[in-house]
Number of protein chains: 2
Amino acid sequence: MANRKYEQRLRAEAAQETRRRILDAVYDLLRAAPGQPISVDGVARAARVARSTVYLIFGSRAGLFDEVARDVLIRGGFARVTEAVAHPDAREHLRGALRAGAEMYAAYRDVHRVLFSTAALDPEATAGAMRRADEGRAGGMAYLAQRLAEQGLLRPDVTVDDAAHVLYLMTGFDAFDALYTGRGLPVDEVARLMVTTAERAVCR
Amino acid sequence: MANRKYEQRLRAEAAQETRRRILDAVYDLLRAAPGQPISVDGVARAARVARSTVYLIFGSRAGLFDEVARDVLIRGGFARVTEAVAHPDAREHLRGALRAGAEMYAAYRDVHRVLFSTAALDPEATAGAMRRADEGRAGGMAYLAQRLAEQGLLRPDVTVDDAAHVLYLMTGFDAFDALYTGRGLPVDEVARLMVTTAERAVCR
DNA sequence: CTTTCAAAATACAGCTTGTCTTTCACAAGA
DNA sequence: TCTTGTGAAAGACAAGCTGTATTTTGAAAG
């Protein structure tokens, strides 16, 4: 029973691959049948993997969705949102962030819909990934409101706090989806409406 | 087996009473443990009623939630929203509708949250009450946008369609809840932010 | 005193999550 | 080549859920 050290290159790679296959299966199921409950069993079968393997890797249903939530930000292009933040002009920061956010949401709309709705129903069900994303956005909007104020771009009758509230409202997935799915507007139309509405509400 | 006609006063009243008891149980459970899955069995036990009775009266879980959705509008004061619509001044119509809507959502916030989130996840799960409410709101906002245009209150750079889109966005439960729960603002603050944001976005 | 009906009680099939234990297959190391 | 570690599969299991019967109870209506 002496410990024999393993470096396991190939095996670790294979493990990573099955992990990806399971995540991909969630995307596939969501795209194939949006608005339909997803079971761990269904995911396992779609990934051609045993159900117990899903529990082995992700621990639970919540753990799986937690990883999906982490993954969908990367796949959807969250990087472009952070790029927008780097713009020296706060107004361009606002426009870029709203546009990048809309595109990110649209890229995997069904996935975001399921994640947000299940998180709203039962915060435990996503193990906190949604909460973290939300807090990050709240912090980002506080920062943006502050920058707008510093650059003198805020309407005189709008406080920094109010601006942060409105920006938080406009950058949420629900706001995006109300226009995208609820009204059937294309992404660029949604982004345009969001930008003009936000600017009129908080900018001078 | 000859049919004997029944007028059944007392019995019909008793039936209506158990029906209310079941609906009340849903409210109680939602208020006691928001963000926790609700089972038909739990509702039945809370109402001190057999589970089969719930199915007898409401047909299914979806049917139950459908009735709750119908009920919560009445209890929350949807009447005040329709009153606002009657105002001759379209701008006051807008303000009144937004305020009344916010108060209605706030009165039974947890109930609305569950209803909207489950409806978003699975449209079948509420048997259409949410969809109908949504269509009604969409129609109402189209009407309001039209009235604003006719009274010359719309910004010159805003089309009637765009105004309807923005108003639809601002009057949704998700928009309300983003500020009410997401930001922890009191109802009147939410209403104020909604009104000013909507007015700045679409009114001259 | 009989009829009718709301409600309860009960059993059932089928689905779900989550936790086991056992077995298999294969790459890493000696 | 032979052993060992380990990712994954396979399968059994408990517990909870929905939905659909079927039968029984109790009380109001006639």
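Mentor: Two residues are in contact if their C-beta atoms, placed from the backbone, lie within 7 Å. Keep that in mind for this predicted model.

Trainee: Among contacts in chain A between residues at least 6 apart in sequence, what percentage join residues at least 24 apart?
Mentor: The count starts with chain A contacts whose partners are at least 6 apart in sequence. Of those, the share that joins residues at least 24 apart is 64%.

Trainee: How many helices and how many strands does chain A have?
Mentor: Read the elements from the N terminus on: α-α-α-α-α-α-α-α-α-α-α. The C-alpha atoms fill a box of roughly 70 × 40 × 25 Å along the principal axes. The tally for chain A is zero strands and 11 helices.

Trainee: What percentage of the residues in chain A is buried?
Mentor: A residue is buried if 20 or more other C-beta atoms lie within 10 Å of its own. Chain A has 204 residues. The buried part is 42%.

Trainee: Is Leu64(A) buried or exposed?
Mentor: Leu64(A) sits in helix H4 (residues 61-76) of chain A. Setting aside residues up to four places away in sequence, Leu64(A) touches Val54(A) and Phe58(A). It has 22 C-beta neighbours inside 10 Å, so Leu64(A) counts as buried.

Trainee: How far apart in space are Leu64(A) and Leu23(A)?
Mentor: In sequence they are 41 residues apart. C-alpha to C-alpha, the distance is 8.0 Å.

Trainee: Which residues touch the most other members of the largest nonpolar core?
Mentor: In soluble globular proteins, nonpolar side chains tend to be buried together. Here the largest nonpolar core has 125 residues. Leaving out residues up to four places away in sequence, one of the two residues in question touches Met141(A), Leu144(A), Ala145(A), Ala198(A) and Val202(A). The pair you want is Leu167(A) and Leu167(B).

Trainee: What kind of axis relates chain A to chain B?
Mentor: Chain A superposes on chain B with an RMSD of 0.1 Å.

Trainee: Which residue of chain A has the C-alpha nearest the axis?
Mentor: The C-alpha in question lies 2.5 Å from the axis. It belongs to Ser117(A).

Trainee: Why do the copies meet through the same surface?
Mentor: The contact takes 28 residues from chain A and 28 residues from chain B. Compare the two sets of interface residues. The copies meet through the same surface because the interface residues of chain A are also interface residues in chain B, and the share is 100%.

Trainee: Which helix gives the largest share of the side of chain A that touches chain B?
Mentor: Helix H7 (109-121), helix H9 (160-171), helix H10 (173-180) and helix H11 (187-202) of chain A each supply at least two residues of that side. By type, the residues of that side are 14 nonpolar, eight polar and six charged. The largest share is six residues, and it comes from H7(A).

Trainee: What is the phi of Arg48(A)?
Mentor: Most residues other than glycine have a negative phi. Arg48(A) is in the loop between helix H2 (40-46) and helix H3 (51-58) of chain A. With 10 C-beta neighbours inside 10 Å, Arg48(A) counts as exposed. Arg48(A) is not a glycine, yet its phi is positive, about 55°.

Terms used
Residues are numbered from 1 along each chain as its sequence is written. Chains are lettered from A and ligands numbered from 1 in the order in which they are written. This is a predicted model: local features need pLDDT of at least 70, side-chain atom pairs count only at pLDDT 80 or more; totals for chains, interfaces and linings use all residues. A nonpolar core is a set of buried Ala, Val, Leu, Ile, Met, Phe, Trp, Tyr and Cys residues joined through C-beta atoms within 7 Å. A residue is buried if 20 or more other C-beta atoms lie within 10 Å of its own, exposed if 12 or fewer, and partly exposed in between; C-beta atoms are placed from the backbone. Copies are superposed by least squares on the C-alpha atoms of residues with pLDDT of at least 70 in both. Helices (H or I, at least four residues) and strands (E, at least two) are DSSP runs, numbered from the N terminus. Ala, Val, Leu, Ile, Met, Phe, Trp, Tyr, Cys and Pro count as nonpolar, Asp, Glu, Lys and Arg as charged, and the others, Gly among them, as polar.
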